[in-house]
Amino acid sequence: MIETAVRDRSDALVKTLLDSVRIASVSLTGEGIGDQVAFLRKRLEGWGFTVEVHDTASHPIIYAEAGPKDAAKTWLLYGHYDVYPADEKQEGWRTRPFEP
């Protein structure tokens, strides 16, 4: 079931990943954090999720739910959307860090 859904949407899923990687959401400076939050909110809402963005003393927390409240099972996915600053010259990048 999941394998079929992923296979049927693989091109769109890869595009979403690449679009997200292109947003330089740098944790230390805050650069692009708002852009990444807006991107994720729009994408998740487009997929049918109910999305909440919670401000914190640091970067916002994005919480999203889909499906019935009384579902027999739940699935939690936890991740981060911010990155460490990339110094292309000092760190030996072969490509530009936000241009996959």
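This is a predicted model: local features need pLDDT of at least 70, side-chain atom pairs count only at pLDDT 80 or more; totals for chains, interfaces and linings use all residues.
Within α2, the buried residues are T16, D19 and S20. Viewed down the helix axis, the buried residues of α2 fall within an arc of 100°, and therefore line one face of the helix. This kind of pattern has a simple background: with 3.6 residues a turn, an α-helix points residues three or four places apart the same way. On the face of α2 turned away from the buried side sit D11 and L17, both exposed. The cover over the buried residues of α2 includes α3, which runs over residues 33-46.

Helix α3 can be checked in a similar way. Its 14 residues should span 20 Å at 1.5 Å a residue, and the end C-alpha atoms of α3 are 20 Å apart, which agrees. Buried in α3 are I33, Q36, V37, F39 and L44. Around the axis these residues cover an arc of only 160°, so they are on the same side of α3. The opposite picture holds for G34, D35, K42 and G46, which are exposed on the face of α3 turned away from its buried side.

What, then, covers the buried residues of α3? The cover includes helix α2 together with the strands β1 (50-54) and β2 (61-65). After α3 comes G48, with a positive phi near 95°.

Terms used:
Residues are numbered from 1 along each chain as its sequence is written. Side-chain values use heavy atoms; hydrogens and water are left out. Buried means under 20% relative accessible area, exposed over 50%, partly exposed in between (1.4 Å probe, protein chains only). Helices (H or I, at least four residues) and strands (E, at least two) are DSSP runs, numbered from the N terminus. The arc is that of the directions from the helix axis to the C-beta atoms. Contact means heavy atoms within 4.5 Å. The expected span of a helix is 1.5 Å times one less than its number of residues.
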